[in-house]
Amino acid sequence: MAQVEATTERIIAADAETVFDTLADYTGTRRKLLPEHFSEYEVREGGDGEGTLVHWKLQATSKRVRDCLLEVTEPTDGQLVEKDRNSSMVTTWTVTPAGEGKSKAVVTTVWNGAGGIGGFFERTFAPKGLGRIYDTVLENLANEVES
């Protein structure tokens with residue numbers, strides 16, 4: 001099994017604290033940022049950053065749906081880590097200042113991929129597909145905080 005990684009980023013015209021707080025608000029704005037690939041969204045514990053337990057289903061393709069139960073931690077300032085209890089998937093959101101009134105938001109997801117020919121296709125196509133999904137989340141985030 002090889003590790004699979006998908007990363008995308010965006011410069012957002014809002015300060016890093018505002019962007020981070022919006023991402024960390026699982027009971028409020030986070031749900032609004034998610035595109036149609038996410039369903040059955042439910043905050044089960046907490047709701048604001050560290051200590052949150054959130055559930056959703058992620059439909060990456062027409063045939064591939066992941067049932068995710070994510071534990072949220074904040075290991076460093078400006079960083080949210082979502083570890084899936086149901087798989088090896090870990091998503092890290094990092095928000096840093098990027099000049100006056102701007103921030104850089106980076107999202108990276110890693111997981112242990114399948115072996116064999118299926119694993120080859122997963123390593124080849126999954127990062128692009130997941131990147132497109134998270135590009136949409138970052139676009140929605142920008143629209144939310146830049147208005």
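## Basis of the model

Because the structure is a predicted model, local features are reported at pLDDT of at least 70 and side-chain atom pairs count only at pLDDT 80 or more, while totals for chains, interfaces and linings use all residues. Residues are numbered from 1 along each chain as its sequence is written, and side-chain values use heavy atoms, with hydrogens and water left out.

## Overall fold

The protein chain contains three helices and seven strands, where helices (H or I, at least four residues) and strands (E, at least two) are DSSP runs numbered from the N terminus. Along the sequence these elements follow the pattern β-α-α-β-β-β-β-β-β-α.

Of the 147 residues in the protein chain, 44% count as buried; here buried means under 20% relative accessible area, exposed means over 50%, and partly exposed lies in between, with a 1.4 Å probe and protein chains only. The accessible areas themselves come from the Shrake-Rupley method with a 1.4 Å probe, and for residues only the protein chains shown count as cover.

## Helix 1 and its start

The loop between strand 1 (3-12) and helix 1 (16-24) holds D15, which counts as partly exposed because its relative accessibility is 38%. At the start of helix 1, a side-chain oxygen of D15 comes to within 3.2 Å of the backbone nitrogen of E17. This is a polar contact, that is, a pair of N or O atoms within 3.5 Å in which, within protein, one must be able to donate a hydrogen and the other to accept it, with residues adjacent in sequence counting only if both atoms are side-chain atoms.

The buried residues of helix 1 are A16, V19, F20, T22, L23 and A24. Within helix 1, V19 counts as buried because its relative accessible area is 0%, and its C-alpha atom is separated by 6.7 Å from that of V145, 126 residues apart along the chain. F20, also placed in helix 1, counts as buried because its relative accessible area is 10%, and the C-alpha atoms of F20 and S103, which are 83 residues apart along the chain, are separated by 9.4 Å.

## The loop between strand 2 and strand 3

Strand 2 (residues 38-45) includes E40, a residue that has a positive phi of about 55° although it is not a glycine. G47 is placed in the loop between strand 2 and strand 3 (53-59) and counts as buried because its relative accessible area is 4%. The C-alpha atoms of G47 and A24 are separated by 7.8 Å, with the two residues 23 apart along the chain.

T52 is found in the loop between strand 2 and strand 3, and it counts as buried because its relative accessibility is 2%. A polar atom of the T52 side chain lies 2.9 Å from the backbone nitrogen of G47, and a polar atom of the T52 side chain lies 2.7 Å from the backbone oxygen of G49.

## Salt bridges

Side chains of opposite charge can pair when their charged atoms come close. With a salt bridge taken as a side-chain nitrogen of Lys or Arg within 4 Å of a carboxyl oxygen of Asp or Glu, the count comes to six salt bridges. Among them, E82 and R30 meet at 2.9 Å, N to O, and this pair links distant parts of the chain, with E82 in strand 5 (residues 79-84) and R30 in helix 2 (residues 29-33), 52 residues apart. Both E82 and R30 are buried.

K32 forms a salt bridge with E144, the closest N and O atoms being 3.4 Å apart; K32 lies in helix 2 and E144 in helix 3 (residues 116-146), so the pair ties together parts that are 112 residues apart in sequence. K32 counts as exposed because its relative accessibility is 54%, whereas E144, at 30%, counts as partly exposed. In another salt bridge, the side chains of R44 and E42 meet at 3.1 Å, N to O; R44 is partly exposed, with a relative accessible area of 42%, and E42 is partly exposed, with 37%.

## A negative surface patch

D15, E17, D21 and D48 form a negative surface patch. Patches are made of residues with over 30% relative accessible area and no salt bridge, like charges being joined within 9 Å and nonpolar side chains (Val, Leu, Ile, Met, Phe, Trp, Tyr) within 5 Å. Lys and Arg count as positive and Asp and Glu as negative, while His and the chain ends are not counted, and the place of a charge is taken as NZ of Lys, CZ of Arg, CG of Asp or CD of Glu.
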